[in-house]
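Here's a quick briefing to read with the model open beside you.

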Amino acid sequence: MLLQYIINGLSTGAIYSLVALGLVVIYRGTGHLNFAQGEMALFATFGAWWIYDHGTTMWFAVAIASIFAFFGGAVIEFGLMRPAGKKSPLAVVVVAIALFQGMNSLTTLLYKGSADGLAFQSLFPNKPTDFWRINGSTIWKFQDIGILVTVLVLTGLLFGLFQKTKIGLAMRMVANNPDSAKLVGVNTNRTLMFSWGLSATLGAVGGALVGGLNTNITTATMFEIFLLSSAAATLGGLDSPVGAVVGGLSLGVIRSLVSNYPEEWWGSSYIGAETAVAVAFIIILVVLLVKPSGLFGSSRVERV
Amino acid sequence: MSVLLDVKDLVAGYGAVQVLHGLDLQVQTGEVAVILGANGAGKTTTMRAISGMISRKGTIEFEGRSLASMSANDIVRAGLAQVPQGRGTFTDLSVEDNMRAGAYSRKGGDVATDMKEWYDIFPRLYERRDQKAGSLSGGEQQMLAISRALMSKPKLLLCDEPSLGLAPIITQELFGILGRLNAERGLSILVVEQNANLAMKIAHSVFVLETGTIVASGTAAEIADDDAVRKAYLGY
């Protein structure tokens with residue numbers, strides 16, 4: 001069963017990775033954890049549902065919602081975060097928390113009755129027979145493969161963006177030394193707008209993947225995803241994209257193992273599904289005690 | 001000679017604290033101009049005001065074009081590159097990415113050829129091109145900061161205290177290179193420096209800055225002959 005649990009964990013873990021990547025993109029640029037990341041994704045995911053409900057394919061709906069999420073993220077940076085940042089770092093935190101609450105309320109308002117959930121179509125084949133049998137009773141659902149592949153492809157694209165493009169170089173410059181970035185000609189404001197847009201897009205795709213996995217979305221769907229994704233980002237080191245991916249995947253697997261094994265051994269769910277999240281957080285706590293900058297975070301050592 | 005940079009009545013500061021109180025200075029095309037001044041005189045503030053890193057009032061004309069209301073990222077494009085105090089390299093980026101960052105403002109041009117040109121002048125940077133800039137020594141970082149600024153193909157190079165925190169021998173090497181860049185390539189340079197003796201060796205004109213205004217200016221020879229200035233800044 002071990003392999004099966006790992007396989008199951010990888011797909012939820014991949015989703016944490018994606019949302020965590022979005023958090024890291026903003027953290028690197030601004031030094032702030034975007035508390036509203038999950039709820040921004042929630043809004044986009046309900047948007048995708050709405051487009052799908054008007055008779056398009058799910059892929060089309062998610063693509064359109066992701067594009068709108070990009071512009072939405074950019075507008076949030078420009079209209080809310082930038083003015084707040086000029087006041088004080090604390091103002092940014094307050095605005096992000098307000099945004100968290102606001103996006104959730106707005107979603108509830110627009111989709112009345114959504115607290116009970118809306119049926120959400122997966123992007124991937126998801127019939128009971130859509131799986132690949134690895135051996136014996138171990139199966140890999142097409143849905144899970146699809147999620148993992150989507151996240152890995154997006155991660156690859158993101159790394160290409162960082163390493164090979166001019167905007168990627170600008171993002172790395174702004175993350176490392178905003179003053180020097182200005183001095184070499186980077187428009188730091190525009191770069192941050194782009195970062196927020198990119199982050200919102202990653203969240204929107206993450207939301208659609210969660211919806212597909214659960215076959216249902218509610219206004220509470222993204223809260224737990226945000227918690228675990230921010231934990232994954234912290235585990236990975238907050239400023240490291242590699243860390244976000246590794247942190248997300250390992251958190252997904254840990255969670256799956258903790259949910260299943262103890263229950264199997266003791267026949268009780270006293271330690272099991274209910275406490276899996278808590279156990280995941282305890283593991284993070286231990287890692288951070290040993291390595292405060294996270295697994296891949298840069299603890300800055302500079303020679304002067 | 002023609003005036004490359006013409007600063008008149010420059011006022012700048014941080015928040016409520018005004019540091020520069022109506023500063024005037026000119027840099028001629030093809031010369032090395034040096035601003036001398038003690039700690040807190042406003043040397044770095046002058047540099048940051050010219051390059052658009054802080055808000056300022058007054059006239060800043062570069063090749064007859066006003067920079068006073070331009071933002072820092074546009075001023076680079078006008079042809080004015082600053083090496084900030086403390087070097088300001090991108091410590092998490094590789095040396096090569098730092099060089100590429102320097103060319104960020106350029107449209108086209110052969111970046112690889114230019115990079116090779118500066119690598120030839122600073123061979124240690126070439127040896128360390130894949131290392132993170134943060135792992136370089138102070139002197140190497142200063143060389144990287146200068147190369148990065150040069151990658152933007154500036155008409156005027158602003159250097160803010162290149163000697164800060166460096167061993168005397170490295171500082172000498174650096175000023176030697178700055179002098180050569182000026183003599184061999186005709187690069188105009190404005191240097192702010194506390195190490196007056198060293199800076200005077202490559203300077204054509206000198207400005208003495210005291211509490212936010214220029215109190216003396218002239219050719220390097222004139223300033224060296226001025227008893228009061230010599231005693232206060234050159235120490236002999």
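Helices and strands here are DSSP runs, numbered from the N terminus, with at least four residues (H or I) for a helix and at least two (E) for a strand. Keep in mind that this is a predicted model.

**Chain B overall**
- Chain B comes with 10 helices and 10 strands.
- Its radius of gyration is 17 Å, close to the 18 Å that the globule rule gives for 236 residues, so chain B is as compact as a globular protein of that length.
- Along the principal axes, the C-alpha atoms of chain B fill a box of roughly 50 × 40 × 35 Å.
- Of the 236 residues in chain B, 45% count as buried.
- Looking at contacts in chain B with a separation of 6 or more, 67% come from residues 24 or more positions apart.

- Four strands of chain B form an open sheet in the order β2-β1-β4-β5, with antiparallel pairing.
- The edges belong to β2 (17-28) and β5 (65-66) of chain B; each has a single partner strand, so one side of each is left without a neighbour in the sheet.
- Strand β4 (residues 56-62) of chain B is joined to β5(B) by two bridges, and the two strands run antiparallel.
- B:Phe62 stands opposite B:Arg65, which sits in β5(B).

**Where the chains meet**
- On the chain B side, 27 residues are in contact with 18 residues of chain A.
- α2 (72-78), α3 (95-102) and α6 (138-150) of chain B each supply at least two residues of the side that touches chain A.
- Sorted by class, that side of chain B has nine nonpolar, 13 polar and five charged residues.

**Helix packing in chain A**
- Helix α6 (residues 166-176) and helix α8 (residues 188-214) of chain A pack at an angle of about 105°, their axes 10 Å apart.
- That makes α6(A) roughly perpendicular to α8(A), because angles of 65 to 115 degrees count that way.
- From α6(A), A:Ile167, A:Ala170, A:Met171 and A:Val174 meet A:Thr188, A:Thr191, A:Leu192, A:Phe194 and A:Ser195 of α8(A).
- The residues of this contact divide into six nonpolar, three polar and no charged.

**A:Phe223**
- You'll find A:Phe223 in helix α9 (residues 221-236) of chain A.
- A:Phe223 is partly exposed, with 15 other C-beta atoms within 10 Å.
- A:Phe223 and A:Val287 are 64 residues apart in sequence, and 23 Å apart in space from C-alpha to C-alpha.

Note on methods:
Residues numbered from 1 in each chain as written. Chains lettered and ligands numbered in written order. Predicted model: local features only at pLDDT ≥ 70, side-chain atom pairs only at ≥ 80, totals over all residues. Axes fitted to C-alpha atoms, helices over the stretch in contact; angles between N-to-C directions. Parallel < 35°, antiparallel > 145°, perpendicular 65-115°, else oblique. Contact = placed C-beta atoms within 7 Å. Nonpolar A, V, L, I, M, F, W, Y, C, P; charged D, E, K, R; others polar. Pairing = 2+ DSSP bridges. Buried ≥ 20, exposed ≤ 12 C-beta atoms within 10 Å, placed from the backbone. Rg over C-alpha atoms; globule rule 2.2 N^0.38 Å.
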